[in-house]
Amino acid sequence: MSENYILGIESSCDDTSVAVVSSDFHVLSVKTVSQTSVHRLFGGVIPEIASRNHLAWVIPAVDAALKEAGKTKDDISAIAVTNYPGLIGSLLIGVSAAKGLALGWKKPLIAVNHLNAHIASAFLEREKRPEFPYLSLVVSGGHTSLIEISEDERTVLGETMDDAAGEAFDKIAKMADLGYPGGPIIDKMASTGDASKYKLPYLLKNNNKYADEIVFSFSGIKSAVKRFLDEGNVDMPSLMASFQNRIVELIERKVKLALSRKKYTAFVVSGGVSANSAVRKMAENIASKYGLALYMPELKYCQDNGAMVAAAAMPDFFKGNFSSLDFDVAPTVRPKIHG
Ligand code: KG4
Ligand code: ZN
């Protein structure tokens, strides 16, 4: 069977990333230009700066990805690009570049939902795909969602009511003056702390109200951490270990709730926070306890990248579901993609 190669472009937030992925989910190249060092100066992503940098780097990243893959534009079967959700200005740069290339190279174009891309990141370099329906947990800077994925349908079982998990990590790190982005810093620091030292709440004040609902909330945990920080004289590694543990415990409880309601054969965990050591351990424990096939991206594919965008486009590519050149970008809602 002749191999197909998809060029994936990701620019929804602050990473400009382009990859070449084969139709059997093998990653030939990923070129990511990270803007972390710039946005770190402000303690968070500045949208205007992010889009300007995407503009400067997206085409060089395409060239570099093709070169590293040892391919030319003639080897590319389709171009995939994230068109929602994300920062409007950032999305526009990737989408405009993809449309221009598709037009110039005469290649089909596939618009990709960023969440689907995170889910597909777990299939990169894997031989098999999970059986439907499967349970998907997406934990990132923008999402904390449990989703049931069937062949033709995606049902959101539960989402966060306030911050996304990664956002909570980033905000706590900012509050404690630990640096940016907070997730990896807290993860590392927590490994040297005692997670039982600080008592933090589970989920809002009234625990019972949400006990039987698949819903996430991190604001109560965040406020409790803030109170300890305000009191001063904290054992930072232990406070961060307590914080991380509470977040992961809460996620685990809701995953178990979803698993108690329906039988699944696979558990797919992805998004930037799936790089977290405690999240990965929790996912492994759950998979082994419930006998689920576990799909989790390799660490290098947890953060935003072009390879996951190409992977997410694969079903549409094989069905010939291509996007017309007039599709739009959107910050959150589903825009018109095809037609
Ligand atoms: O998926 P991603 O690259 O961007 C979004 O789509 O949001 O996720 C970025 C988020 C950031 O909030 C970052 O702090 C978090 O992922 N993150 C982590 C870890 N590595 C990255 N959070 C916890 N532990 C980590 N090791
Ligand atoms: Zn993301």
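By relative accessibility, is Asp163 buried or exposed?

Author: Asp163 is buried, because its relative accessibility is 6%. Buried means under 20% relative accessible area, exposed over 50%, and partly exposed in between (1.4 Å probe, protein chains only). This is a predicted model, where local features need pLDDT of at least 70 and side-chain atom pairs count only at pLDDT 80 or more, while totals for chains, interfaces and linings use all residues. Residues are numbered from 1 along each chain as its sequence is written, chains are lettered from A and ligands numbered from 1 in the order written, and side-chain values use heavy atoms, without hydrogens or water.

Now the partner. Asp163 pairs with Lys171 in a salt bridge, N to O at 2.9 Å. The term needs a side-chain nitrogen of Lys or Arg within 4 Å of a carboxyl oxygen of Asp or Glu. Lys171 is partly exposed, at 34%. Asp163 and Lys171 belong to a salt-bridge network that also links Glu167 and Lys222.

Other pairs follow. The rule counts 12 salt bridges. In one of them, Glu68 meets Lys31, with the closest N and O atoms 2.7 Å apart. Glu68 sits in helix H2 (residues 47-69) and Lys31 in strand S3 (residues 27-34), 37 residues apart. Helices (H or I, at least four residues) and strands (E, at least two) are DSSP runs, numbered from the N terminus. Glu68 is partly exposed at 45%. Lys31 is also partly exposed, at 29%.

Arg246 and Glu249 form another salt bridge, at 2.4 Å between the closest N and O atoms. Both lie in helix H8 (residues 236-261), three residues apart, about one turn of the helix. Glu249 is partly exposed, at 26%.

What of the domains? An assignment, automatic or from a database, gives domain 1 (5-122 + 301-337) and domain 2 (134-297).
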